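Let's take a walk through a protein model together.

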Amino acid sequence: MRLTIFHKLFISLMLISSIMMIGMALLINNSFQNGFQSYLNQSEVERIENMAENISDYYSSDQGWRKLQQQPELWGRLLRNIGEYPRKPKKVAEMTSRKTRSNYNRLAARLNLLDLNGNTIIGDPKNFHRLHANIQITKIAITKNEQTIGWLSILQREKIKGHLAERFLRQQLDNFYWIAAWAALFSFIVAALLVRHFLKPLKNLHSAAKSLSNGNFDYQIDVRGKDELAELSLAFNLLTTTLKAQKLSREQWLADISHELRTPIAVLLSEIEAIEDGIRKPEPKYIKSLHNQVMTLTRLVDDLYSLSQSDSGILIDTSHNVDITNIINNIANQNEVRLADKHIVIQRLYDHHQPTLLHADAKSLAQLIGNLFENSYRYTDQNGHIQINLQQINDNILLTIEDSAPTVPDAALPKLFERLYRVDKSRSRANGGSGLGLSICENIVKRHNGHISAQHSELGGLKIAISLPIKDN
């Protein structure tokens, strides 16, 4: 049988309530018996103390307690004064015709008058032979002229016993059991309602998860309260929103890739069909056009592969010390000739003879800086400038590469690192750009726990600022 969380919580609450009720019943039963008997005993002691104050009048220094012994009615009067009415003595025939025993529940049967030596003056001497685990003897001193002249002793039970007291106890316990039963039933009903109420957010989460598994990314849970389940619901809503954004991004990504692949493939297809149909002859200029389209496809595929590698980060190892100054110098020297062909001047605002070490992956940094040089080469007009600066600020390396005109619109700056994003798609495609270079750069920087941003340059173009920690985090 499958037990749901509702059943588990409800059964747990039932067990806890039952254990508490049984424990309370046992404790209250024991406490009530001891407490009630203690109350009865104390009440009897107070009555005997009152009797002890009056009985001293019947004592004389010459005759002792003889007056009480000779006049039993005086003893009966003292008992009546404290609310105790002694029974009349039974006839001998009646006493011998049936078995009788003293009524232990009556105070008079358990009361003895003792002299200073503890000898019984009035009362049943057998009382002192009835002591056992549940019986205790209490003595109250009788004083006259501040001197003890005797004792009143009384046998008392430590635990409740007796027909009347036990009947009262059973009545009270029966009432308690009924109250406990109704309280248990009420607690079970309240527990069921509370468990159902507390588990409602989990049911909402279950419904939301099923809806999400069916592809509904618009489902949002109505969150109420500020407890842990509310926080879990908020986290699920955030997850749904994130998955929806990723789904849209993935769809846009696939659409953009198909669009990027469609153009060079369409050109290739039209050129090849024209040659096959005899419209064009396989002359060098047409073959060169085909070669250019193939190279465009090759660059796009290479960039996609590089992007996937930078996404996974499996080839990035930041545990080695790398001289970023040396990497920048090598990349700058490699691009110096073709930059000179466009009359673009490189300005180095840093000491290119001073090593700058940090924990990084040398191959990834070379790809990062190479992509930035490539971006400046493609999108900087002739007779332009490129400035490179490298600084150490506290525990970070700050690298900036900025170029001259043209610049990009303000609205385009935050989107430059989006995949396949181009400010001018036709111009970018003509320059051979895939729109993936800055996305690859952003991935590499993030894998190094750094930060990259795009800003307007004072030279009139674009400024890329990169901050990298010196030590691997």
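In helix 10, the buried residues are I324, T325, I327, I328, N329, I331, A332, N335 and L339. Before going further, please keep in mind that what you are looking at is a predicted model.

Now look at the helix as a whole. Helix 10 covers residues 324–341, which makes 18 residues. From its first C-alpha to its last it reaches 26 Å, close to the 26 Å expected at 1.5 Å a residue. Even so, helix 10 is bent: follow it to N335 and you will find a bend of about 45°. N335 is also one of the buried residues of this helix.

Why does T325 count as buried? The cut-off for that word is under 20% relative accessible area, and T325 has a relative accessibility of 2%, so it counts as buried. Which residues does it touch, leaving aside those up to four places away in sequence? The partners of T325 are Y350, D351, H352, Q354, P355, T356 and L390.

Let us step back for a wider view. The protein chain has 473 residues, and 35% of them count as buried. Its secondary structure comes to 13 helices and 11 strands. If you take the contacts between residues at least 6 apart in sequence, 66% of them join residues at least 24 apart. L300 and I257 are 43 residues apart along the chain, and their C-alpha atoms are separated by 9.1 Å. L300 counts as buried because its relative accessibility is 7%.

Next, see how two helices meet. Two packed helices are described by the angle between their axes and the distance between the axes. For helix 11 (residues 362–379) and helix 13 (residues 437–447), the axes come within 9 Å and cross at roughly 145°. The crossing is left-handed. Helix 11 brings S364, Q367, L368, N371 and L372 to this contact, while helix 13 brings G437, L438, I440, C441, I444 and V445. Sorted by class, the contact has 7 nonpolar residues, 4 polar ones and no charged ones.

Finally, let us visit some loops. Where does N394 sit? Look in the loop between strand 8 (385–393) and strand 9. N394 has a positive phi of about 55°, although it is not a glycine. With a relative accessible area of 66%, N394 is exposed.

N449 also has a positive phi without being a glycine, here about 60°. You will find N449 in the loop between helix 13 and strand 10 (451–456). Is N449 buried, exposed or partly exposed? Its relative accessibility is 40%, so N449 counts as partly exposed.

One more loop is worth a visit, the one between strand 9 (396–404) and helix 12 (425–430), where P406 has its place. The peptide bond that joins A405 and P406 is cis, with an omega of about 10°.

Conventions:
Residues numbered from 1 in each chain as written. Predicted model: local features only at pLDDT ≥ 70, side-chain atom pairs only at ≥ 80, totals over all residues. Heavy atoms only, no water. Axes fitted to C-alpha atoms, helices over the stretch in contact; angles between N-to-C directions. Helix = DSSP H or I, 4+ residues; strand = E, 2+ residues; numbered from the N terminus. Left-handed = near helix turned anticlockwise from the far one by under 90°. Contact = heavy atoms within 4.5 Å. Nonpolar A, V, L, I, M, F, W, Y, C, P; charged D, E, K, R; others polar. Expected span 1.5 Å × (residues − 1). Bend = angle between axes of the 7 residues up to and from the residue. Buried < 20%, exposed > 50% of the residue type's maximum accessible area, 1.4 Å probe, protein only.
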